[in-house]
Amino acid sequence: MTQSADGAFIPISDLAQRDRTRRPKGFFTDTSVCIGCKACEVACKQWNALPSDGYEYTGFSYDNTQHLSGSTWRHVAFVERPGAGHAGAQSNWLMASDVCKHCTHAGCLQACPTGAIIRTEFNTVVIQEDVCNGCGYCVPACPFGVVELAALPVPAVVQGPDSLSGQVAGPLAHKCTLCYDRVVDGIEPACAKACPTDSIQFGDIDELRARATRRVADLHAKGIPEAYLYGAQEGDPGTSGGIGPLNAFFLLLDSPETYNLPDRPQLPQNNVLPGYVATALTALALGLGAALAFRRR
Amino acid sequence: MDPTPQQIAATQGPGTTLPVTDRPASGPGAGRDAALTTVTSQARGSYYGIAPIKKPHWQWEIVLYFFLGGIAAGAYTLATIAEVFGDRRHRPIVRAGRYIALPCLLISPVLLIKDLGMPRRFFHMLRIVKLKSPMSLGTWGLLAFSGFAGLSAVAELAAQGFGRGGWPARLAGRLPRRGLGRAGSFFALFVGGYTGVLLSATTVPLWAKNKYLLGPTFISSALSTGAAAITLALAATGQDDDAALHALEEAEILALTSELGFLAAQGVHAGPLARPLLTGKYGTIFVPGVVLGMVWPLLAQLHGIRRGRRTRRGRIVTSLGVLLGGLILRWTLVYAGKDSADDPAAYFAQTRGE
């Protein structure tokens, strides 16, 4: 249920008119206040009707989810650091809720040959389930290992030309939509709504960036100098190689790799032009060689 | 002073168990944690050894398509070169090249569509053109090449007198054979090479690292396997005229040399990233594949040229070797690449700019 500024509940019928501002939206995930409750994982699965991943106990930490997948669009990482206690912060656990980064220049979107992956009016990246044909090229094109193919049941409410309602479709590519279906109606994404510590914050991206910068300064002042932002603005770790600022960015307390995030990732499409040029030159040289061989004979 | 977690981790592999006795005796939680029997430690650059990226799902269908697409591209292009630069003696080469390309291109889309998560949506690829997506451009390139290859094969059949007198043959006979071949060869070369670019334009460490080399390797292999397919077809049907085949064999020598050169460059450039390709289960196939499919045929060809002629059986055997080598090359490159994507250290080595 959504409340207006004065605390009154807004009727559902009015929600549709509420956020048509089309301002860029995003997530600020402040891992310094994450308590590892996994409410975001559960809320995401519930809202998006994603199936359970079964009961697999990893045995290495409280992290039994392990990574983002086609059916898990929020993943809480648990990093145990024996003996690394800090006064005023968590003692020796790092917890971080990972999610699709909704990159400014998204590898998955650029790779998609069907146009199923689109940039929305909120500057987020969404896969249209009724267009995707499951070619899978977006999967290795994501520098953060987010997108994955999965055969998911299509919710009965989804109607499309394929009439897949109620069936299992795919395997098709799936990932976080930044709850497009909620945001378009002016409601915050399910994970942000469920987060009990506001570790996951949703809002206009500019406002989130300003808030995150203040938060880092605040933590530094409180004696936690290792706090930094991952992907908030150009030049931060995670924004390299033409990817640009991430619309879902993070406040981290250790190296990106500790959280299984790349330090300086590259946009895979940077390799397209060099590849074509080198291939064309080779083809030209071999073609000329073959032509000479036939001409001499 | 107590060791920091990083120092502890530096001595431990990911996910290794650290005996309680080795843990710091002081610090917050030390006493409480002593109740636990084991604790997992973290090495830098690894989150419990879980891959930070996802590998593609591609299986044998894609490997076989890369192989058949390469043969079609090589055979068609060499046929065009023989048609434009050769003379009457090279006519069988032209014909064989056109006839080989078509069936390969008839099988290819079946393989590609079978690989899709929802095959009946394959035509969604034809909604858009995306220059930065080799998958998108490749779909269009393959479509165009298939069209040209189909027309070329039909025109070739008509020129040979098939269906003489009927209106389809008369229509096909009016097709501009040479013009079709020249235009089609552009798309053929694209299909032969884009697959390497497609693999490079991913986060897969082994492929991305070799962005300048994978496309050239694939186009070289396309031409060598295309030449081998033509030679095999001509030798098997008794049309292996030495004078005609010499030029083709020289072109094949060139392609094999280039292929070997680019493969060596890949191995050197990729360094430790090439480990899944050169060692382990793929190494035991890749290395013999290179010897059988490239080094040995190359030596046999050079020897044949020095002697002035080659035997029919020799041609058949080396051609089969080149074809098998081309298949092994693509199979091992695809699967070793997928293995490299499972290795967090390989990806993080790339994203640290190492």
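Here is a tour, stop by stop, of what to select next.

Before you click, this is a predicted model, in which local features need pLDDT of at least 70, side-chain atom pairs count only at pLDDT 80 or more, and totals for chains, interfaces and linings use all residues. Residues are numbered from 1 along each chain as its sequence is written, while chains are lettered from A and ligands numbered from 1 in the order in which they are written.

**Stop 1: chain B.** Colour chain B by secondary structure and you'll find 14 helices and two strands (DSSP runs numbered from the N terminus, H or I of at least four residues for helices, E of at least two for strands). Of its 354 residues, 55% count as buried, meaning that 20 or more other C-beta atoms lie within 10 Å of a residue's own; 12 or fewer makes it exposed, anything in between partly exposed, with C-beta atoms placed from the backbone.

**Stop 2: the contact with chain A.** Now show both chains. The contact takes 82 residues from chain B and 67 from chain A, where contact means C-beta atoms, placed from the backbone, within 7 Å. Which helix gives the most to chain B's side? Select residues 242–270: that's α10 of chain B, with eight residues. Chain B's side as a whole divides into 42 nonpolar, 27 polar and 13 charged residues (Ala, Val, Leu, Ile, Met, Phe, Trp, Tyr, Cys and Pro are nonpolar; Asp, Glu, Lys and Arg charged; the others, Gly among them, polar).

Stay on α10(B): its 29 residues reach 41 Å from first C-alpha to last, close to the 42 Å expected at 1.5 Å a residue, the expected span being 1.5 Å times one less than the number of residues.

**Stop 3: chain A.** Chain A has eight helices and 10 strands, and 52% of its 297 residues count as buried. Zoom to A:T104, in the loop between β3 (93–99) and α3 (107–111). Buried or exposed? A:T104 counts as buried because it has 20 C-beta neighbours inside 10 Å. Leaving out residues up to four places away in sequence, A:T104 touches A:I243, A:G244 and A:P245.

**Stop 4: the core.** Finish with the largest nonpolar core, 189 residues, where A:C108, A:C138, B:A72, B:L78 and B:I230 touch the most other members. Such a core is a set of buried Ala, Val, Leu, Ile, Met, Phe, Trp, Tyr and Cys residues joined through C-beta atoms within 7 Å. Its largest share, 15 residues, comes from helix α3 (residues 60–85) of chain B.

Conventions: Two residues are in contact if their C-beta atoms, placed from the backbone, lie within 7 Å.
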